[in-house]
Amino acid sequence: MSRSRDREIEFTAFVEAGSASLLRAALVLLDTREEAEDAVQTVLLRTFRRWEQAKQAPEAYSRTVLVNVCRERWRYRARHPEAPGIMAYADQLADVASFAEAVDRRHVLVRVLRRLPAVQREVLVFRYLLDATVAETAATLGVAEGTVKSAASRGLEQLRVLLPAEEKKVRRVDPS
Amino acid sequence: MSIHPDDDFNLRAALASELSDVLPDDQLAGAIIARHRAGRRRHRVAGAVGLVIVFAGVAVSLGLRAPGASRPGHVPLRLAPYTLELPGQYHSVPVRSASCGPANGGIHPGLSSTGNPAAMTAAIASGACLVMLLTSPFTPGTRGGPSLPRDARPVALGQYRGWLIPRGWWQPGGATVVVERAEPGGRLQDLIITSAGLSQPAMLSLVSAGLS
């Protein structure tokens, strides 16, 4: 069997096992499902291009690439404020009952997480969605372990404040 | 699942529950591999196109062009295998009417008699006249060939080697060069370019830049 074919089989096995968690993480870190899917494709493409290097620890490698891709998009958005993300749009919709149904109410928690500062969001995603340890999270995000702990603590506090308000909005729109 | 803050909040369980329906496409790996292959093909094509563009640019910058073609704004003066590209102010004239031609005493009679009169061409510009003629090789000791003056100075003339003939030897008021032409079967003919109204440096510069 050719080396190229082996590579494709290994990569396919990795994608089948790990792409769902990458997509969920991207969905929280970015603004829309479309953006998250596009980011995951970019992450996997970059991982496949460097498969000889990535296959030693493909999960860690792809998570690092995911962080880089998301940060690239945040930076792009910061440089191009004329192209707002869906959050600004969603915030407006939440107060307008006639459009509120367009918001995906199933993902209340995701919407709240998206409102957190970037570091807190990244840390919560890695610690609670990807089940990474403090050390793994710190290594992937390129921050100190103390930063991970404090960002996690502050992020959880923020969630406890923001969630009730978000839940009220959802109940107002959908009393059932 | 309730996400009320008064509940025993478990973010991990809440996220798992909320995002359980978020699944990637079944064919994601295949799509990525196909995208990777397409990208590599594009890179190869782009590389090939880039090489072609680079080669074309190099060719243009080296002045490669079709045989016989001349640069825009230049006047080609052709004689057998040689082409001397002259600046635009020159224009080709019949040898017999050139002021520096043999008919007007511009070339030493001994020199003009060594070459075939048909193998001559001339061009003039304001204050300058130039004649090209083919002769037997000037290699010292060649039977029947003309001999070079002793103080002829070897010079490089673009892709050719040659000699700069002392002023006044053949051409009373100008500069003259003899051009060697290396050929697989040995040198058959040399080229003489003689001028009136041109200094030796100007003549060397003109021939070095324009002779092919």
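Guide: Residues are in contact here when their C-beta atoms, placed from the backbone, lie within 7 Å of each other. The model is predicted.

Visitor: Among contacts in chain A between residues at least 6 apart in sequence, what share join residues at least 24 apart?
Guide: Chain A has 10 helices and 0 strands. Take its contacts between residues at least 6 apart in sequence. The share of these that join residues at least 24 apart is 61%.

Visitor: In chain A, which helix has the lowest confidence?
Guide: Chain A averages a pLDDT of 83, and 81% of the residues score at least 70. Residues 86–103 of chain A stay under 50, and the model has 17 contacts beyond four places in sequence for them. Confidence is highest in α9 (residues 134–141), at 95. At a mean of 37, the lowest is in residues 97–100 of chain A, helix α6.

Visitor: And in chain B, where is confidence highest?
Guide: Chain B averages a pLDDT of 76, with 73% of the residues at 70 or above. Over residues 1–8 of chain B, pLDDT stays under 50. Helix α3 (residues 109–114) of chain B has the lowest mean, 56. The highest, at 87, belongs to residues 28–62 of chain B, helix α2.

Visitor: Which element gives the largest share of the side of chain B that touches chain A?
Guide: The contact takes 30 residues from chain A and 19 residues from chain B. On the chain B side, the elements giving two or more residues are α1 (11–18) and α2. The largest share is 6 residues, and it comes from α2(B).

Visitor: By class, how many residues on the side of chain B that touches chain A are nonpolar?
Guide: Chain B brings 19 residues to the contact. Of that side, 3 are charged and 2 are polar. The nonpolar count is 14.

Visitor: Which element gives the largest share of the largest nonpolar core?
Guide: This core has 46 residues, and A:Ala25, A:Ala39 and A:Val40 are among those that touch the most other members. Elements giving two or more residues include α2 (33–49) and α4 (58–79) of chain A, together with α2 of chain B. The largest share is 10 residues, from α1(A).

Visitor: Which residue of chain B does A:Val40 touch?
Guide: A:Val40 is buried in α2(A). The cover over the buried residues of α2(A) includes α1, α3 (51–54) and α4 of chain A, together with α2 of chain B. Leaving out residues up to four places away in sequence, A:Val40 touches A:Ser19, A:Leu22, A:Leu23 and A:Ala26 in chain A. In chain B, A:Val40 touches B:Pro24.

Visitor: How far does α2(A) reach from its first C-alpha to its last?
Guide: α2(A) has 17 residues. At 1.5 Å a residue, 24 Å is expected. The reach is close to that, at 24 Å.

Visitor: In the hairpin of β1(B) and β2(B), which residue takes a positive phi?
Guide: Strands β1 (residues 74–79) and β2 (residues 82–87) of chain B run antiparallel, joined by 6 bridges. Across the pair, B:Pro76 stands opposite B:Glu85. The hairpin has 2 residues between the strands. The positive phi, near 50 degrees, is taken by B:Ala80.

Technical notes:
Residues are numbered from 1 along each chain as its sequence is written. Chains are lettered from A and ligands numbered from 1 in the order in which they are written. This is a predicted model: local features need pLDDT of at least 70, side-chain atom pairs count only at pLDDT 80 or more; totals for chains, interfaces and linings use all residues. pLDDT is the predictor's confidence in each residue, from 0 to 100. Helices (H or I, at least four residues) and strands (E, at least two) are DSSP runs, numbered from the N terminus. Two residues are in contact if their C-beta atoms, placed from the backbone, lie within 7 Å. Ala, Val, Leu, Ile, Met, Phe, Trp, Tyr, Cys and Pro count as nonpolar, Asp, Glu, Lys and Arg as charged, and the others, Gly among them, as polar. A nonpolar core is a set of buried Ala, Val, Leu, Ile, Met, Phe, Trp, Tyr and Cys residues joined through C-beta atoms within 7 Å. A residue is buried if 20 or more other C-beta atoms lie within 10 Å of its own, exposed if 12 or fewer, and partly exposed in between; C-beta atoms are placed from the backbone. Two strands pair if DSSP finds at least two bridges between them. The expected span of a helix is 1.5 Å times one less than its number of residues.
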